[in-house]
Every structure is written in C-alpha cells, then in structure tokens.
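Biologist: I'm new to this one. Could you walk me through how to read it, feature by feature?

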Amino acid sequence: MRIDIDAVPPRGRPIEADESAAWVVRASECALGAVPVRASVAVTVYRVAGGARVRGRGDATIACACDRCGGDIVLLLEGDVDLRYVPHGQTGPEGVELASDELDVGWFDGHSLDLGDVWSEQLALWLPDVVRCDTPGATSADADRPCRLPIQDPGPDLKRRNPFAEIVLPE
C-alpha cells in the first residue's frame with residue numbers, strides 16, 4: 001500500500017489493516033518468513049519537514065519453531081510504531097543537524113511511502129535474534145513445560161581449547 005506523502009493532510013492519515021490485507025501478509029512474510037496467524041496495524045502517517053513519520057501500534061502472531069528445542073511455538077510481536085523516513089540521499093531537513101536519537105531513519109523515494117516496507121521494517125525490529133520457548137511473547141504448544149530441553153543444560157562446550165594447556169614447563 002503506497003501513500004502519497006504530498007496528499008497527507010496536516011493532521012495525518014490514519015491507516016488500519018489486519019491479516020486480511022495483502023500488503024500486511026507480504027510484509028510479514030518478508031520480515032518473519034511466515035504468514036501471520038493474526039496481525040493488526042493501526043498507524044497514522046504524518047508529513048513532516050523533509051519526509052514522513054509513521055506512529056501508532058501494531059502486532060503480529062506467527063507459528064514458528066523454538067530455535068533451541070525445535071518445538072512448536074506461537075510468537076506474538078507487538079508494540080508501538082514510531083518510524084521516520086526521509087528521501088533517498090538525505091539525513092534530515094536541510095540545514096538541521098540531527099540529534100543522536102534521530103539517527104535511525106529510513107528512506108523513501110520522496111513522493112510515496114510503501115506501508116508494506118514500513119510494516120516489514122517494524123516487524124524486523126521487534127523480532128528477537130533467537131526465538132525460544134521462554135522468549136517473551138512465545139507460547140509453547142506443550143503448556144506443561146517451557147522448553148523440551150532442560151533450561152539448565154548448557155549444551156556442548158563450544159570454547160576453543162587452548163593448544164598450550166597440556167604443556168608442562170620444567171621446574
């Protein structure tokens with residue numbers, strides 16, 4: 001879904017969508033590698049000096065596997081959306097220096113903003129590096145146990161062995 005930034009009114013353009021919208025499904029598949037079981041997006045697109053800002057809330061629920069034990073889990077990703085976009089090649093409005101909290105910006109063509117790209121980016125930001133049964137927002141298919149593997153099991157020792165550990169120095 002493309003939004004013409006020049007046509008956005010000063011009060012913003014509200015957008016609401018769920019998993020029935022094709023752009024939400026495509027963006028979720030792109031970011032998460034799975035079709036969402038459920039998704040909802042409620043954001044407002046604002047025209048700001050030199051670009052656009054997207055604010056609101058959203059959530060997506062996907063079925064996936066635990067990266068640790070391989071068990072089936074359902075993962076809920078949710079939170080606030082607050083993303084800024086500037087035209088390609090710019091970092092902000094001309095002559096304005098960005099503060100450190102404004103350095104995370106995305107880029108768009110300067111005319112229209114693809115909300116599929118916005119939603120995909122937000123999901124990627126919410127997605128944890130490792131998804132486990134005990135990840136916040138994860139629900140295991142086996143409700144009796146958080147993970148099929150014991151949590152205390154550290155797994156194999158992956159430390160590189162020091163090749164000089166066996167050497168005994170003469171006294």
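Modeller: On a 1 Å grid over the protein atoms alone, a cavity is a set of points where a 1.4 Å probe fits but cannot get out, and lining residues have an atom within 4 Å of a point. Grid points are joined across faces, edges and corners, and a volume is the space filled by probe spheres set on the points. Before the case itself: this is a predicted model, where local features need pLDDT of at least 70, side-chain atom pairs count only at pLDDT 80 or more, and totals for chains, interfaces and linings use all residues. Residues are numbered from 1 along each chain as its sequence is written, and side-chain values use heavy atoms, with hydrogens and water left out.

Biologist: How many cavities of 30 Å³ or more are there?

Modeller: The count is one. The largest cavity has a volume of about 50 Å³.

Biologist: Which residues line the largest cavity?

Modeller: The lining is made up of Trp23, Val41, Val43, Val54, Val81, Leu115, Val118, Trp119 and Gln122. Two elements, S3 and helix H2 (115-126), each give two or more residues to this lining. H2 gives the most, with four. Helices (H or I, at least four residues) and strands (E, at least two) are DSSP runs, numbered from the N terminus.

Biologist: What classes of residue does the lining of the largest cavity have?

Modeller: Eight are nonpolar, one is polar and none is charged. Here Ala, Val, Leu, Ile, Met, Phe, Trp, Tyr, Cys and Pro count as nonpolar, Asp, Glu, Lys and Arg as charged, and the others, Gly among them, as polar.

Biologist: Now for charges. How do I read a salt bridge?

Modeller: Side chains of opposite charge can pair when their charged atoms come close. The rule is a side-chain nitrogen of Lys or Arg within 4 Å of a carboxyl oxygen of Asp or Glu. By that rule there are seven salt bridges. One of them joins Arg2 and Asp109, at 3.4 Å from N to O. That pair links distant parts of the chain, 107 residues apart: Arg2 is in strand S1 (residues 2-4), and Asp109 is in the loop between strand S6 (106-108) and strand S7 (112-114). Arg2 and Asp109 also belong to a network of salt bridges with Asp114.

Biologist: Which residue does Arg38 pair with?

Modeller: Its partner is Asp59, with the closest N and O atoms 2.8 Å apart. Arg38 is in strand S3 (residues 38-48) and Asp59 in strand S4 (residues 51-65), 21 residues apart. For Arg57 and Asp80 the N to O distance is 2.7 Å.

Biologist: Last topic: how many disulfides does the structure hold?

Modeller: A disulfide is a covalent bond between the sulfur atoms of two cysteines. The test is a pair of cysteine sulfur atoms within 2.5 Å. The structure holds zero. Cys66 is in no disulfide, because the nearest cysteine sulfur, that of Cys133, is 3.7 Å away. Cys66 is buried, with a relative accessible area of 4%, whereas Cys30 is exposed at 62%.

Conventions
On a 1 Å grid over the protein atoms alone, a cavity is a set of points where a 1.4 Å probe fits but cannot get out, and a pocket is an open set with protein on both sides within 12 Å along at least five of seven lines; lining residues have an atom within 4 Å of a point. Buried means under 20% relative accessible area, exposed over 50%, partly exposed in between (1.4 Å probe, protein chains only).
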